[in-house]
Amino acid sequence: MSNDVGGSRASIAPDISGKSASVPPDPKRWIALAIIAIAQLMVVLDATIVNIALPSAQEALDISTADRQWIITAYTLTFGGLLLLGGRIADFFGRKRTLLIGLLGFAGASALGGAAVNAGTLFAARGLQGLFGALLAPAALSLITVTFTEARERAKAFGVFGAIAGGGAAIGLLAGGLLTEYANWRWCLLVNIPIALIAFFAAMPVVRESRAHGDTRYDIPGAILATAGQIALVYGFTKAADDGWSSGVTIGWLAGAVVLLGAFLWWESHTSHPLLPLRVLFDRNRGASYLVSILLGAGMLGMFLFMTFYLQQTMGYSALKSGVAYLPFSGGIIAAAVIASRLLPRVGPKVLMSIGSVLATAAMIWLTQLDLDSSYAVHILPSFVAMSFGMGLVFVPLSSVALSGVANHDAGVASAMVNTTQQVGGSLGTALLNTIFTTAVTGYLADHGTGPLEQAHAAIHGYNVAFTASAILLAAAAVLVVVLVRNTAADRTAGAEEQVPVMVH
């Protein structure tokens, strides 16, 4: 999957075209790459390291089951919702300057989260992390693009960047387990502070500034409407867990979300500098790839929320053991991404995406069989392996499809949308599935009583219902691939160069 966000290599090409022949390579470019990789590692670590700490944070701050998903969605909503704007800001305001601001802001937000004394403070800190992450991530990637102008060196640089993205997620799982078990869940946030400060002070004398020139207007109204609409939709899902789907509050928030997102689409079709040019969505393959990305993000990221609680609260795993239990998933998705990259030019995206989405659906269906005494080796490990291979087979060709046939001036937005739709899908899916879980548990307890054994069975019932809903989302993605995605010669090669595989978190 491409992590080509906001200020992407395609979108900033005009900034360097025609100059690379006269401007010598930056002699500090490899040191700069190491610094940028540290910044990227922090963002990747933060996503997975917090997952392991969820049960401990929920208990420490007395967060309700309905509201616990905000620990994840507060981050993914602001991160995904503001990525496109963050890329524009990096291009126009200055990529180095944006990176430095992102690092300091991320460190400050992490400090706030680590010191949180209640749920609201933690949710706000996670939202701020997402905001500064939306500045940091596109700035880091675009700096690699402008720093490495020779094709072979750039490919190596993106290889390092991709390895950080993939391996960093696995490191985050282990680090989250170690910190939660031997220190405190708060250190899963506080650990970002020294990493960010090291990257900040190292970048000051080494990383070169660069920016795009020409028209530098931002689509602030579009960013506000899109993010507000997503927040209203997630909050509507959350209120459904407390008040029911038919309550006036729930319906009001969901209706508000529809109005805000509709206003966003209207605005984007009328403004002269849209955050998301709607023409990018109208291509059949590209539009299908974004829908698939949303559904996969919704179905899979919800799985991580429930599996973390299942491993620690039902199976009695420690935080560290839970992190180790996830490692096969990390390894599988990296291996599958390598395989998919080699097969894509031969078989095209449709075959790989079809196989991958069906594998992911089958893995989720297998998880619906979990019980109080399920075995990791028999019931969980096969699902993790199948899911990881399925996702790896989907995400590499998906980024290729998203870039196929796109005009050069839209390439940055088109590729950024892959990451944006995944994050947005994860936000919506986590909120929706957590509401489904909470409703299922409440219904089970009402029918069977509230004794300790009944509560344990109620949690299992909730997991199974939520995994069933996830399977439906993944199956819908598989259907979209089969029906809408077409194999073309361009799809087999578009985006094949400089792809950066990204761990889904």
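Helices (H or I, at least four residues) and strands (E, at least two) are taken here as DSSP runs, numbered from the N terminus. The structure is a predicted model, in which local features need pLDDT of at least 70 and side-chain atom pairs count only at pLDDT 80 or more, whereas totals for chains, interfaces and linings use all residues. Residues are numbered from 1 along each chain as its sequence is written, and side-chain values use heavy atoms, with hydrogens and water left out.

On this basis the protein contains 18 helices and zero strands. Burial is assigned from relative accessible area, with buried meaning under 20%, exposed over 50%, and partly exposed in between (1.4 Å probe, protein chains only); of the 505 residues of the protein, 59% count as buried. The accessible surface, computed by the Shrake-Rupley method with a 1.4 Å probe and, for residues, with only the protein chains shown counted as cover, comes to about 18300 Å², and 68% of this surface belongs to carbon and sulfur atoms. When contact is defined as heavy atoms within 4.5 Å, 85% of the contacts between residues at least 6 apart in sequence join residues at least 24 apart.

In soluble globular proteins, nonpolar side chains tend to be buried together. A nonpolar core is defined as a set of buried Ala, Val, Leu, Ile, Met, Phe, Trp, Tyr and Cys residues joined through side-chain atoms within 4.5 Å. The largest such core has 137 residues, and those with the most contacts inside it are Met-303, Met-307 and Met-387. Helix 12 (residues 284-314) gives the most to this core, contributing 16 residues. With residues up to four places away in sequence not counted, Met-387 touches Met-300, Met-303, Phe-329, Ala-360, Ala-363, Met-364 and Leu-474. A second, separate core consists of six residues, among them Ala-337, Ala-340, Leu-344 and Leu-393.

Pro-397 is placed in helix 15 (residues 376-403) and counts as buried because its relative accessibility is 0%. The C-alpha atoms of Pro-397 and Lys-350 are 8.1 Å apart, although these residues are separated by 47 positions in sequence.

Leu-100, in helix 4 (residues 95-114), is likewise buried, with a relative accessible area of 11%. Neighbours within four places aside, Leu-100 is in contact with Phe-200, Ala-203 and Met-204, and its C-alpha atom lies 9.5 Å from that of Leu-197, a residue 97 positions away in sequence. In helix 17 (residues 452-484), Ala-475 is partly exposed at 29% relative accessibility, and its C-alpha atom is separated by 8.8 Å from that of Ala-362, 113 residues away along the chain. Ala-476, also placed in helix 17, is partly exposed with a relative accessible area of 31%; the C-alpha atoms of Ala-476 and Leu-296, which are 180 residues apart along the chain, are separated by 9.1 Å.

A nonpolar patch of about 420 Å² is made by Phe-93, Ile-101, Tyr-218, Ile-220 and Ile-224. Of these residues, Tyr-218 is found in the loop between helix 8 (192-206) and helix 9 (220-243) and is partly exposed, with a relative accessible area of 33%.

Most residues other than glycine have a negative phi. Asp-62, a residue other than glycine, has a positive phi near 55 degrees; Asp-62 lies in the loop between helix 2 (29-60) and helix 3 (70-93) and is exposed, with a relative accessible area of 71%.

How values were computed: Patch = residues over 30% accessible without salt bridge, like charges linked within 9 Å, V, L, I, M, F, W, Y side chains within 5 Å. Salt bridge = Lys/Arg side-chain N within 4 Å of Asp/Glu carboxyl O.
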